[in-house]
Amino acid sequence: MSAPASNAPAPNEAPAPTVAELEAQEARLILRHFTYDDAWALGSLLVELARERNAPVAIDIRRGAQQLFHCALPGSTADNDAWIDRKRRVVERYGASSFLVGTRFRAKGTTFEESSRLDPDLYAAHGGSFPIAVEGAGVIGTVTVSGLPQAEDHAMVVRALERLRG
C-alpha cells in the first residue's frame, strides 16, 4: 500500500494539512515532561478517542527503544502493528511526524517511496506517528496510531497530545 502522490482530498474529506500547518502542530505540542504515567495517560486518551468512534486501531507509545504502551482494539490486525513499526521508523529517522515527512516529499512533487531511498518494507511516511518532544530534551520517543486513513490516524494522535498537554 502506498499513499497517493496527490494532496487532493477525497470526497467529503478535509483538505490535507500543509507543511507549515504540520510544522506548527509539532512546535505547539512540545511537552514539559514525559514520564511512565504520562505514557499511560496518553495511551488511555487514545483508547478513549478510538472507542468513541469504534475505530479499529492499534496504538503504540515508545520512549527510545522501550515500548511503554501498546493496545490493539477490535478490528485491528497484525498488519496495523507492521504499519506502526514502519511509520515509527520514519519519525525516529527524521525527527518529525510521519505525516509531515510524507507531506514534505509531496510538496516537492515526488513521494517518499520514490525519493527517500529507504526500503518501503521498513519505512512508511504515512500519517499516524508523531514525535514525543520534551522541552530541553528534544525528541525522546514516538506515539503511533494505525488503522484509519492516514490523516485520521494523525489527527487522533494530535488530539490526544493536545489534551495531554492541556
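Predicted model: local features only at pLDDT ≥ 70, side-chain atom pairs only at ≥ 80, totals over all residues.
Residues are numbered from 1 along each chain as its sequence is written, and side-chain values use heavy atoms, with hydrogens and water left out.

Let me take three of these pairs in turn. The side chains of Glu48 and Arg163 meet in a salt bridge, at 3.6 Å from N to O. Glu48 belongs to helix α2 and Arg163 to helix α6, so this pair ties together parts that lie 115 residues apart in sequence. Helices here are DSSP runs of H or I with at least four residues, and strands are runs of E with at least two, numbered from the N terminus. For accessibility, buried means under 20% relative accessible area, exposed over 50%, and partly exposed in between, with a 1.4 Å probe and protein chains only. Glu48 is partly exposed at 40%, and Arg163 is partly exposed at 42%.

The second pair is Arg165 and Glu135, whose closest N and O atoms are 3.9 Å apart. This pair also links distant parts of the chain, since Arg165 is in helix α6 and Glu135 in the loop between β3 and β4, 30 residues apart. Arg165 has a relative accessible area of 25%, and Glu135 one of 44%. Elsewhere, salt bridges that share partners join Asp85, Arg88 and Glu92 into one network.

Arg88 is buried, at 10% relative accessibility, whereas Asp85 is partly exposed, at 24%.

I turn now to the interior. A nonpolar core is a set of buried Ala, Val, Leu, Ile, Met, Phe, Trp, Tyr and Cys residues joined through side-chain atoms within 4.5 Å. The largest such core has 29 residues, among which Phe34 and Val143 touch the most other members. Two or more residues come from each of α2 (36–52), β1 (58–63), β2 (66–72), β3 (129–134), β4 (138–146) and α6 (150–165). Helix α2 contributes the most, with seven residues. A second, separate core holds 11 residues, including Val90, Phe99, Leu100 and Tyr123.

What is Phe34 in contact with, leaving aside its neighbours within four places in sequence? Taking contact as heavy atoms within 4.5 Å, its partners are Ala39, Leu42, Ile61, Arg63, Leu68, Ile132, Val134, Ile140 and Leu164.

Helix α1, residues 19–28, has Leu22, Gln25 and Glu26 buried. Viewed down the axis of α1, the buried residues fall within an arc of 95 degrees, so they line one face of the helix; the arc is that of the directions from the helix axis to the C-beta atoms. Ala20 and Ala27, on the other side of α1, are exposed. The buried residues of α1 pack against α4 (98–107), β3 and α6.

Pro120 is partly exposed, at 41% relative accessible area. Its C-alpha atom is separated by 30 Å from that of Arg51, 69 residues apart along the chain.

Notes
Salt bridge = Lys/Arg side-chain N within 4 Å of Asp/Glu carboxyl O.
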